[in-house]
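User: I would like to work through this model one feature at a time. Please give the general idea behind each reading and then the case at hand.

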Amino acid sequence: MSIDRRSFLTSSVAAGAAALLGSLPLAAQTKAATARRKRIKLGIATYSYWHFKTTKVPIETVMDRAAEIGVEGVDILHRQMAIAERAPLDAAGRAYLHGLKRHAFRNGLEICCVSTHQSFVKADPQELAVEVEHTKKCIELAYELGCPCIRINTGRWGTTRSFDALMANRGIEPVLPGHTEDEGFKWCIDGIERCLEKAAQCGVVLALENHWGLARTPEGLLRILNQIKSPWLGGLMDTGNFLEDPYPKLEAIAPQTVYVQAKTYQGGGEWYSLDLDYTRIAAILQRAGYTGWVALEMEGKADPDVAVPESIATLRAAFA
């Protein structure tokens, strides 16, 4: 190609992009331009290979698969680790974490998130304090891994004991007798606020998921995020956790999203299936100026050695 032809094509592309941006409002132009300069990174959640129902798949095995597929990061499910979830973080635990960190490094991977479990919906102050301390330990665990983010949950009322029953009821459960939803939000906000100093000390962002419980709706998630003003807290968009009419809800939380977990359901979902349009979801995130991580959570019953690469191909096409 001649220099003149190359210059012509380059200027034509630039002119076309400028014309497209010129049709957008100024704020949208700024976000779109920023999104063009940055990019989405893809990761794989270890949960994609283990859904709590079988023998645990080692984290190292998932790292090997992720490297073979060619993604840039891995999102580690805390409960999938080969250490006790609620035990203190001792020397043996730290050695295990350092081994995972080394394994990721040797595979050319970043550990982009640790997905933890806690419940701040606790009427008993002592029970809430236990959850706060557990979350602080999870922050320290992420720090040992060199990981900049942990997934946190609001927790739920616990009035529906069986998770299968909760899913059958579309994630809705009654408020704890004798209490109100407003009380639940107060406990949750208090619990998260008590973790923020530790998050800042360790440089670990808390990503609050639109999960079952108080953040089952965008209004619930945003109520918490809007009340807690901290650079160490943001929203985690799980694309599969709004079961009805998901796209307007995903759009509502996109501006405060700091991390994304993308669900797929090959072979039928473990609890339900959604037919998600990732081109549409990518556009929602682009409009919000999101340029961080998107980690796959393959929640289908299909063989993950087949379904995970298929899902990554879908995400690559959507977020290219």
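Analyst: Start with one side chain: that of D238 reaches the backbone nitrogen of G240 at 2.8 Å. A polar contact is a pair of N or O atoms within 3.5 Å; within protein, one must be able to donate a hydrogen and the other to accept it, and residues adjacent in sequence count only if both atoms are side-chain atoms. This is a predicted model, numbered from 1 along each chain as its sequence is written. Local features need pLDDT of at least 70, side-chain atom pairs count only at pLDDT 80 or more, totals for chains, interfaces and linings use all residues, and side-chain values use heavy atoms, with hydrogens and water left out.

User: Which side chain does the side chain of D238 join in a polar contact?

Analyst: That of K263, at 2.5 Å. D238 sits in strand β6; strands (E, at least two residues) and helices (H or I, at least four) are DSSP runs, numbered from the N terminus.

User: Is D238 buried or exposed?

Analyst: Buried means under 20% relative accessible area, exposed over 50%, and partly exposed in between (1.4 Å probe, protein chains only). D238 has 0% relative accessibility, so it counts as buried.

User: Which residues is D238 in contact with, leaving aside neighbours within four places in sequence?

Analyst: Contact means heavy atoms within 4.5 Å. By that test D238 is in contact with E209, N210, L250, Q261, K263 and E297. E297 belongs to strand β8 (residues 293–298) and is buried because its relative accessibility is 6%. With residues up to four places away in sequence not counted, E297 touches A45, Y47, S48, D238, Q261, A262, K263 and T264.

User: What does a strand residue such as A207 touch, leaving aside its neighbours within four places in sequence?

Analyst: A207, in strand β5, is in contact with C149, I150, R151, I152, G234, L236, V258 and Y259. Its relative accessibility is 0%, so A207 counts as buried.

User: How many helices and strands does the protein chain have?

Analyst: The secondary structure comes to 12 helices and eight strands. Of the 320 residues in the chain, 49% are buried. Among contacts with a separation of 6 or more, 78% are between residues 24 or more positions apart.

User: How do I check the span of a helix such as α7?

Analyst: The expected span is 1.5 Å times one less than the number of residues. The 13 residues of α7 should span 18 Å, and its end C-alpha atoms are 18 Å apart, which agrees. α5, with 21 residues, reaches 30 Å from its first C-alpha to its last, close to the 30 Å expected.

User: What caps the N-terminal end of α5?

Analyst: D124 does: one of its side-chain oxygens lies 2.8 Å from the backbone nitrogen of Q126. Just after α5, G146 takes a positive phi of about 70°.

User: How is a pocket found, and what lines the largest pocket?

Analyst: Rolling a probe the size of a water molecule over the atoms shows where empty space is left. On a 1 Å grid over the protein atoms alone, a pocket is an open set of points where a 1.4 Å probe fits, with protein on both sides within 12 Å along at least five of seven lines; lining residues have an atom within 4 Å of a point. Here 41 residues line the largest pocket, and R79, H117, N153, R156 and H211 lie nearest its centre. The elements giving two or more residues to that lining are β2 (73–77), α5 (125–145), α6 (163–168) and β7 (257–264). β2 gives the most, with three residues.
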